[in-house]
Amino acid sequence: MSESIDVTGRLRKMPAEAGDPVAYNLAIGDNRITLNDLIGHKVRLNFDGVIRCIHCDRTTKKSFNQGYCYPCFRKLAACDSCIMSPEKCHYHLGTCREPEWGEANCMVEHVVYLANSSGLKVGITRATQVPTRWIDQGAVTAIPMLRVASRYLSGLVEVACKNHVADRTNWRAMLKGDVPELDLVQERERLLDLIADDLAQFRAQHGEESIRIVDEATLGLGYPVQVWPAKVKTHNLDKTPEVEGLLEGIKGQYLMLDTGVINIRKFTGYEVRFRVLD
């Protein structure tokens with residue numbers, strides 16, 4: 001390495017940009033470390049035992065919902081159960097924890113998409129989160145299927161789709177690079193036919209323009225991986241506060257070391273020290 005890297009600070013989700021391959025940074029405090037350049041180098045991550053809420057900065061013994069203290073987990077709209085299950089959105093009932101946050105994040109256009117991370121899956125995301133959401137899931141291909149008026153409506157559509165296609169990623173298969181080839185254009189047309197009656201019902205209830213079928217192209221994504229693990233072993237900073245190994249790849253929100261993989265997003269808010277050892 002031309003210069004040594006030794007930084008400390010609070011860990012955040014890895015920022016990433018679509019490219020060939022996807023370009024990753026490690027966010028620690030105010031530092032942004034270009035990770036792609038570190039493939040093939042030995043690195044060490046030490047957790048110092050302190051976790052700080054990413055919203056209020058309060059020290060917490062346990063992280064909730066990837067980076068929050070318990071009081072923030074209980075009060076913030078970003079931590080409500082409807083974030084994981086958008087069909088349970090209750091903004092229209094006047095009971096949103098933070099109506100202004102709901103207006104900015106839920107009452108905006110969402111995309112219902114198909115992705116191939118470990119096989120075909122359906123998902124939703126805010127339109128502004130394309131393709132970030134797909135990168136975070138380790139998708140090798142993804143395609144928009146519908147654009148809808150709100151998070152709640154995207155959740156209803158997703159539930160209809162789940163009768164015909166999975167909504168989960170097999171993360172172990174994703175990290176092994178064990179991903180089948182799929183024609184997402186063909187899969188999109190097949191699924192749209194299967195949910196046609198559901199879409200007609202939703203449009204009748206929410207307006208014709210509330211759901212739009214889109215004819216957008218498939219996006220392919222490649223990841224900076226030198227060696228795919230034959231067996232996926234996970235590192236857990238709560239149990240083993242020092243993680244060390246040769247960085248062999250990055251995919252989704254995982255660092256892939258020769259000693260195991262670590263989900264960086266899981267440890268958001270943890271105070272750590274990161275070093276390159278060679």
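Which residues are exposed on the other side of helix 7? They are Gln186 and Asp193. Exposed means over 50% relative accessible area, buried means under 20%, and partly exposed lies in between (1.4 Å probe, protein chains only).

The model is predicted: local features need pLDDT of at least 70, side-chain atom pairs count only at pLDDT 80 or more, and totals for chains, interfaces and linings use all residues. Residues are numbered from 1 along each chain as its sequence is written, and side-chain values use heavy atoms, with hydrogens and water left out.

Start with the whole chain. Its secondary structure comes to 8 helices and 14 strands. These are DSSP runs numbered from the N terminus: helices are H or I with at least four residues, strands are E with at least two. The C-alpha atoms fill a box of roughly 60 × 45 × 30 Å, taken along the principal axes. Of the 278 residues, 48% count as buried.

Contacts are heavy atoms within 4.5 Å. Among those in the chain with a separation of 6 or more, 68% join residues 24 or more positions apart.

Now return to helix 7, residues 184-194. Leu184, Glu187, Arg188, Leu191 and Leu192 are buried there. Seen down the helix axis, these buried residues fall within an arc of 135 degrees, so they line one face of helix 7. The arc is that of the directions from the helix axis to the C-beta atoms.

What do the buried residues of helix 7 pack against? Their partners include strand 6 (110-116), strand 7 (120-126) and strand 8 (141-148). Helix 5 (151-161), helix 8 (196-206) and strand 9 (211-213) are also among them.
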